[in-house]
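Hello,

Here is the structure I promised to pass on. Please have it open while you read the notes below.

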Amino acid sequence: MTTHPLNSAEPEGTRSASGAPYLPDGFTDTFTSRYVSVGDVRLHAVVGGDGPPLLLLGGWPQTWYAWRLLMPALARDFQVVAADSRGVGLSDKPHDGYDTGTLAADMAGLMAALGHERFAMVGHDVGMWTAYALAADHPGRLERLVVAEAAVPGLSPSPPLFGTDETNARLWHFAFNRLPGLNEELVRGREHIYYGAQFAAKAVRKLPDEVVRYYIDVLASDPAALRASFAFYRALDTTIAQNERRAKSRLGLPVLAVGGAGNLGGAVADTMERAADHVERLIVPDCGHFPAEEAPEETLAALTEFLAPYKDRRTGS
């Protein structure tokens with residue numbers, strides 16, 4: 001993939017590091033937003049810190065902002081890159097390219113443009129889909145991988161059509177989000193109802209109202225953002241076929257699989273054990289779908305421990 005230097009334009013507004021609300025004290029002393037062109041898309045990333053590179057990739061329907069509570073502490077040991085994938089936040093929102101093969105190539109290109117040939121990665125939700133694809137499609141790029149709170153289409157067992165009420169409450173959006181347009185007509189103008197219900201249903205420790213409102217306002221402010229939020233799911237036929245091929249070769253790198261006890265729990269590790277040889281599992285108690293925000297201290301401790309061999313080897317300590 002063709003990569004280009006950092007763009008001279010400076011990201012601005014509430015979707016950038018300089019304008020986002022409710023950030024930890026001193027956040028902007030360490031982190032800045034950057035645009036990076038990768039192939040035919042311009043991607044947004046928030047970058048800061050010193051040490052070996054660490055890519056953070058969030059999930060649906062969030063942005064880089066999901067990592068804000070962990071980033072200052074991580075930046076003491078790593079150069080942190082919290083990215084918006086195509087279709088998200090300040091990144092471009094083309095009409096195609098939302099299969100995980102393309103999304104993984106985007107992230108590999110982003111890190112190369114930032115000067116990082118090898119790096120560690122943390123992926124949550126849809127970001128976990130991309131993280132698995134990156135590990136499988138670009139095996140020389142990742143040293144350690146952390147994944148959290150997702151089933152991986154084409155790798156995880158598919159739930160039954162007539163499942164339990166609990167399963168339906170967690171997963172009904174998969175089918176809805178794949179619709180070719182009707183979902184946009186139903187959700188447009190009602191974004192706070194639809195996405196608000198998603199945040200409410202999946203969190204054990206509820207995210208602050210103002211934070212949920214921030215995520216939803218980002219989606220509601222741009223018709224392309226609403227379309228793109230569904231595009232990851234509309235590409236699932238392609239992603240599933242890709243994952244069925246990927247599963248024929250197992251991952252050899254160390255993997256930490258994180259699940260919230262009140263949501264997917266051990267199912268995250270169960271999924272990764274289908275694809276990787278060295279999987280550690282962590283179930284975060286009293287936590288739902290959003291470990292980095294519901295349980296930041298527990299999540300930070302787990303990342304610090306798991307990534308320590310990577311940090312020590314890269315820094316020579």
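This is a predicted model: local features need pLDDT of at least 70, side-chain atom pairs count only at pLDDT 80 or more; totals for chains, interfaces and linings use all residues.

First, a term: helices are DSSP runs of H or I with at least four residues, numbered from the N terminus.

Notes on two of them follow.

Largest cavity
- The volume is about 210 Å³.
- The lining has 23 residues, and G59, P61, Q62, V88 and F232 are the closest to the centre.
- Which elements give two or more residues to this lining? They are the strand β5 (79-84) and the helices α4 (126-137), α8 (209-220) and α9 (223-234).
- By class, the lining splits into 11 nonpolar, 10 polar and two charged residues.

Second largest cavity
- This one holds about 150 Å³ of space.
- It is lined by 15 residues, with D125, E149, L171, F174 and H289 the closest to its centre.
- Two helices, α4 and α5 (165-177), each supply at least two lining residues.
- Which element gives the largest share? That is α5, with four residues.
- The lining counts eight nonpolar, three polar and four charged residues.

Best wishes

Conventions: Residues are numbered from 1 along each chain as its sequence is written. Side-chain values use heavy atoms; hydrogens and water are left out. On a 1 Å grid over the protein atoms alone, a cavity is a set of points where a 1.4 Å probe fits but cannot get out, and a pocket is an open set with protein on both sides within 12 Å along at least five of seven lines; lining residues have an atom within 4 Å of a point. Grid points are joined across faces, edges and corners, and a volume is the space filled by probe spheres set on the points. Ala, Val, Leu, Ile, Met, Phe, Trp, Tyr, Cys and Pro count as nonpolar, Asp, Glu, Lys and Arg as charged, and the others, Gly among them, as polar.
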